Amino acid sequence: MEGGRALNNYLECLNALAPEVIIVVTALAALLIDLTVARGKPLEQRTKLAGLVSCLGCAVAILRLAMIPAQTDASMLSVNPFTQWLKIPLLLLTIFAVVLSWRARFTPHAGEYFALLLLASAGVMLLVSSDNLLLIFIALELLSISLYALAAFDKQSPASSEAALKYLLFGGVSAAFTLFGISLIYGVAGRLDLGMIAARLRSQPIEPAFYAGLVMTLMGFGFKLAAAPFHLWAPDVYEGAPAPVASFIASVSKVASFFVLARILLAGFVDEHGTISTAHYAPGWGPVVAAIAAISMVVGNVAAIVQTNVKRLLAYSAIAHTGYALLALLAGPSHALPPLLFYVITYAFTVVGAFAVVSVVEASGKRGSLADFAGLSRRAPVMSFCMLVFMLSLAGIPPLSGFFGKFYVFTAVVNAPAKLSLLWLVVLGVAASAVSLYYYLQVLKQIYAAAPEPSAPWPRPDASAQTAIVLLALIVIVLGCFPDLLLGKISQLLASQPF
Amino acid sequence: MILTALTFLPLAAGVLVALLGRDRQAFGRNIAFAASLLALALAAAVWAMFDHGTGGLQFVENHPWVPALGMEYNLGVDGLSVLMILLSALIVPFALLASWKIEKDPKLFFSLTLFLESGLFGVFTAQNFLHWFLFWELSLIPAFFLIRIWGGPRRTSAAAQFFIYTMVGSIAMLAAFLAMYALADASQRTFDFARLAELARGAHGHASHPALATVIFFGVFLGLAVKVPLVPFHTWQPAAYAEAPTGTTMILTAAMSKMGVYGFLRVLWPIFPEQIQQWRGPLLVLAAATIVLPAAAAFAQKDLKRMVAYSSINHLGYCLLGIFAAARLAGGAPGWANEQAAALNGVIVQMFNHGLTAAALFYFVGLIEQRGGGRGLDDFGGLRRPAPVFCGLMGIALFASLGLPGLNGFPGEFLIFKGALHLAAETAVISTLGLLLTAIFLLTILQRVFSGPLPAKWSGWPDLTLGERCIVAPVMALIFALGLFPQLLTGVANPAVMQMLRFF
Amino acid sequence: MLAWTIYISFIAAAVLMLMPGDNPRPARWTALLAALAGLACAVLGMIECKQQAGFGALADVANAPWIAELGIRYHLAADGISLVLVLLTGLAAVAGVLFSWNIETRTREFFALYLALIGGVYGVFLSVDLFLLFVFYEIAIIPKYFLIAIWGSTRREYGAMKLALYSFVGSAMVLVGLIAAYVVAGAKTFDLAELAKFPFPAAFQNWAFIVVFVGFAILAGLWPFHTWAPTGHVAAPTAASMLLAGVVMKLGAYGALRVAMTLFPIGLHTWQNTIAVLAVVGIVYGALVALVQQDFKFVIGYSSVSHMGFVLLGLMTLTQIGLTGAVLQMFSHGIIAGLLFAVVGRMVYDRTHTRDLAKLQPMNLNHVLPFAAVTFVVGCAASMGLPGFSGFVAELQVLAGAWQTLPAAAVLAAVGIIAGIAYTLRVLLKAFYAEDGVVAAPHPHCPPISLPERAGALLLLSATLVIGLWPQLLMQFITPSLNSPLMQPLWKAGAP
């Protein structure tokens, strides 16, 4: 292959992909242990054991990522300090999802559950490291198929199966779109490696078929990211799937998808940005992304207002947040990544925290409607305070990370490429975020202001969930107060590694 | 320092009395009265130490207060101020004695009255607008509560009307002064009366914007006219006077209404000579209306207190007639300066004397009400038989009020008309109609109340007690003394008048 | 010293959050001590600043890099204007705690939120890095919501939500303007003093100014964006109304002055007359609406709109005297409105459980609660702008400034003052003095005015009286600050 070189041998390949391998091995181990050692034990113990194994695996993978740098300039994989670093938060989020499943009661198949979760996260890691359209697609499918199965895991709940089916159907369609888009792009550029696609496109006139491929790829990712108008599956899945799975979909899968979308657009199609300033319009992905972002922000925030179920509310809020994050892509090739990553990573931690609280409430036999949260602060003050942090961060209230994320995205978008040309989008985003405060406050109003139902059973978070929630809240606060902790790392890595 | 002491003595005493326990009503009352006597002594001391020969300000105290805003603590008195201080200091103990028997929370009543007195002293001594305005408004609050809490049956609306009318005037005046302040060059900005007058004479500041200056003039005019009150801004007055408790009415009419007239002389006259000249015609019409119409309105009244209230408007009308008549450029006939001086002297004398007589009249009306339980003009008759002393003394007050020569009401009105007949003949002639009407309705009171058949129920009408006689005795003495020796007043007033005439 | 006002408040809020048990007593005392410590820091800070020579300019309080990526610094500094408002915050905070002494439900949380709000307010007044300012500005929004939604009265959830959304929309507008200014200046800094040096293009200023100004002024009760104020004030518990009217509305006015006007003088000049008109409409409208309210608290709520109109009018005069008046009016209204709300909410409503003037009047409360009556009388006198009280000196200067540049506005504002006198008098009489001839209706047993209430009332009364009689005390801080280099563009642009 031109430009890069094939991997020398399998050993080098194994070295580069060691974290992924660790995760896959852990997945198999969890499955195996559940089938052998833990066989016949009570469900609780099995779940704990499998969960523990999964956590250990993730931890080892994190250590490996943090301690031993790996780099390869192979053309299909981009394993470099940057992608390796990015996998750390993804694995951390996976650990949180695992911890939330710790006391899961929804499935007797503990081993399978955790194995699938780990496989999904292996898919995510692979996705982050892919530099080739085909490999991206494969990693995406590895992730998606695991998630389809995970979404259906709550067999007692018909909503779960319905959610999984919807997810599968929409996901399948989106995969088809993506694949078709990729094939069109391949047809035009004759290459699948992002870097080479960029080079090719630069040297030849763009054919209309390329734009068709581009739009189809974007639509595929739109489905994946639950951006409006491709968001229809999200509310049902978020509501129906088990809370830890929903949190995984909303966080880990989203971060990785955004990252890879940014790669495709900024590394592969960097010159096909197009313009969206009203003065001179030029076709490209910029206008499409801008439109999707605008629609997502508006639809997500407006639809969230009328929700009465907190998970659905979070789903619509996720749609809105997808819109904000998409905005960051418009900040220009050199400026888009730090705000985008900061935004989606902090968002991921926040939303996992919110789902954690929801799952604790659900564990007490409630459905997660707004009224089920009434008076929560009286029974579980610490958890309530963490929920306050999560909700306010999502609403974009300083000094929480959600605020700085939005602020940074908006600043970057206003700043580039032509100053102030995208101000209208920012105005829209800011206005939408003002609307969003309404529904986040509705949740908090229930928690803090409403009177609790005297007779209802009361959620008591177990120690692990409580710890996870508090840790997540701390992360949200600390990253909000000291965004440089994360930003400094991102820019340092970006400086050493051209994206 | 003596002026500061005079101003703050009643205030301090008032606070002290207000802070006393609720069970120490009598003690509080005594303290308040003692303080008012002390204030009278101080005022007398000011009068005694005052150099009668010069027209300028004396006892001046001037300290910066808010330099950025041209606010100064600037005190000083000329002849006009001295007389007004003396009048206020005389009336307050008189009013306190008249209110001695108040049953509802007398301590609070007395302390509010002292606040009011402090406001009066402040107004009559301040030489900087903001300082002046502070006391101008300070006097309003206690007056309002005195009416609102101790007033007659319709006190609510009377008090509110009084307050709102006065405040509207005050705000207009405040806005006008601010406009003057803002219009002046940055280096010349001031709220000092004397310096504002200088600006006006040099055609600086507001005087250099003729159109705006007219607006400003009317703003200030409104504030003062409501206070006096001048027709047609008088409608609050009969109700307020009628509803207020006797002691308060006495202060309202004797001293507070003088704040307005004082303002005309102290503020409007020196600062707006041009505008007064320019609008002299309409102003004279207003003055004439203020003399004639209330006198006519008094006829229609069936309530003694309202009649006296209307007569009070009428008497203040003479003061304004004198002022507006005198506001005529001296460039005309050679004798005018003398006439102007006569008119202005008359105004000041009239202010003082009306204060005394009106207070006495309201005191007597209060006594009638207290004894008879009502004050309808037609409810009484023949009272001179059971109460000859009462009849005689009130008769003296009534005659003083209608300007009988020999009593104190005469010199002021005489001097005013002497000047006005030369300076503004037509208005003066029309205004004599007011004299006539006043005489008629005051005599009507005398006739209806004291002569004619004595209703059986009043046959036991008690005459003045010894205490009451003692209370009115000093006032009666002054009525005669000032009637016979008006130079006691003009001697103090004349230098100030000469000073004022320099503006024209 | 000054920075500790912020830290103490937040630390105390955290301590209260974490404090075990539901005993209200330690919570109260902690809050009172924290508020007093904040006030002490404010006063000491003022003295400290006064001793430094050029205290007219911004004097650094803290300055450290914060978010290097965007050039954001943790930069606190104070000039005379901020000092005056910091002092106001300290006074209002102490008084608010005293008037919340009777809160029995969830006392800990109440005071924690209360102090968090106070900390945010201090922060806004002391920040010069605009990002930091914005952060504190938003921090102040959320506690307000909960204070009202949890401890409020009439329609509390509606009032709380309306307030939160209005504030948030306002801050969203501010955010847009700030980001745009940051980008256009391109200096990679949010520092006010640095940004103010950048000559923004006129076309940019024209829209950026109005966006930022209105964004801030929403919180200052600028007509027609004022509607959150009356409902919010009415719904809020006493201490929260006191803070809302006392300091939160000042946040808006302060932001409008410090950020919008300082950064965009050309835009200011363009919009000067328009905003002055809105301010005057607010003055008159607020007063007229207050005149017909039946709810005691609504009267005070609308009066706040009217009084804040003077602040905005003062700002729009673009004269030294007018701006001095505006800042002084911020202080004055903060104290007076706090006092009036304390009487309405704490002294009267908590005892009679009604705010309906028609029901209050027959109670003849001046006999039942003489201390409340006297306090309210003096408070009303101050609110009317009678000389001797702080409101007089403030409104006086605003009017004097208006005469210089906007004479018509001065006349109309004077009309507004008269309407103000009318509604104040009306509410005073209706609330405390029975109609003539009405025999006092039997009223519920009212506990006597407690010691904390007396202390709070005296604190606020003496503040308005001292400043009324000796305005120099604050003006010596304000005047030099208006002449500082930071404010120079204002005068240049404003010169006719």
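**Chain contacts and a helix of chain B**

Helix α2 of chain B runs over residues 25-49, 25 residues in total. From first C-alpha to last, α2(B) reaches 36 Å, close to the 36 Å expected at 1.5 Å a residue. The model is predicted. Several residues of α2(B) are buried, among them G28(B), I31(B), A32(B), A35(B), A39(B), L42(B), A43(B) and V46(B). R29(B) and S36(B) are also buried. An α-helix has 3.6 residues a turn, so residues three or four places apart point the same way. The cover over the buried residues of α2(B) includes the helices α1 (2-19), α3 (79-98) and α4 (106-125) of chain B. The strands β1 (58-66) and β2 (71-77) of chain B are also part of this cover.

Two pairs of chains touch. Chains A and B do not touch, and their nearest C-alpha atoms are 41 Å apart. The most contacts are between chains A and C. There, 26 residues from chain C meet 27 residues from chain A. On the chain C side, α5 (130-139), α6 (141-151) and α7 (156-185) each give two or more residues. The most come from α7(C), with 14 residues. By class, this side of chain C has 23 nonpolar residues, three charged residues and no polar ones.

Chain C also touches chain B, through 29 residues of chain C and 26 residues of chain B. Here the elements of chain C that give two or more residues are α18 (390-405), α19 (407-432) and α21 (472-482). The largest share, nine residues, belongs to α19(C). The side of chain C that touches chain B comprises 20 nonpolar, seven polar and two charged residues.

Methods: Residues numbered from 1 in each chain as written. Chains lettered and ligands numbered in written order. Predicted model: local features only at pLDDT ≥ 70, side-chain atom pairs only at ≥ 80, totals over all residues. Contact = placed C-beta atoms within 7 Å. Helix = DSSP H or I, 4+ residues; strand = E, 2+ residues; numbered from the N terminus. Nonpolar A, V, L, I, M, F, W, Y, C, P; charged D, E, K, R; others polar. Expected span 1.5 Å × (residues − 1). Buried ≥ 20, exposed ≤ 12 C-beta atoms within 10 Å, placed from the backbone.
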